[in-house]
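Reader: I'd like a close look at just one part of this model. Could you pick a spot and walk me through what surrounds it?

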Amino acid sequence: MSAPTPADPQPEDRGLQPPAFGHPSPALLARADRGYARFLAVQNPAVNTGDHEQDDDVAGAR
């Protein structure tokens, strides 16, 4: 004889995956936000860039 068939469908089994699989953690989102804010921040140029004689080359070509 076979076992009786249950009336309700079986719930989906996630297997070995954790319950929040595929969803980023709040700590990961906060870290990404900080990195994106640093990326968008305006960087001030260096005060002393040094003289690399680039302007002299342009002036001499005119």
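Author: Let's go with Phe39, which sits in helix α1. Keep in mind that this is a predicted model. Helix α1 covers residues 26–40, 15 residues in total. From first C-alpha to last it reaches 21 Å, close to the 21 Å expected at 1.5 Å a residue. The helix lies largely in the open, because the number of buried residues among its 15 is zero.

Now for the rings. The count of aromatic pairs comes to one. That pair is Tyr36 with Phe39, and it is stacked, with 6.3 Å centre to centre and 20° between the planes. Why do these two line up along the helix? An α-helix has 3.6 residues a turn, so residues three or four places apart point the same way. Tyr36 and Phe39 are three residues apart in α1, so about one helical turn separates them.

Zooming out, the chain has two helices and zero strands. Buried residues make up 0% of its 62 residues. As for the surface, the chain exposes about 6,800 Å², with carbon and sulfur atoms supplying 56% of that.

Terms used
Residues numbered from 1 in each chain as written. Predicted model: local features only at pLDDT ≥ 70, side-chain atom pairs only at ≥ 80, totals over all residues. Heavy atoms only, no water. Helix = DSSP H or I, 4+ residues; strand = E, 2+ residues; numbered from the N terminus. Expected span 1.5 Å × (residues − 1). Buried < 20%, exposed > 50% of the residue type's maximum accessible area, 1.4 Å probe, protein only. Areas by Shrake-Rupley, 256 points an atom, 1.4 Å probe, with all protein chains shown as cover. Phe/Tyr/Trp six-rings, centres within 6.5 Å; stacked < 30°, edge-to-face > 60°.
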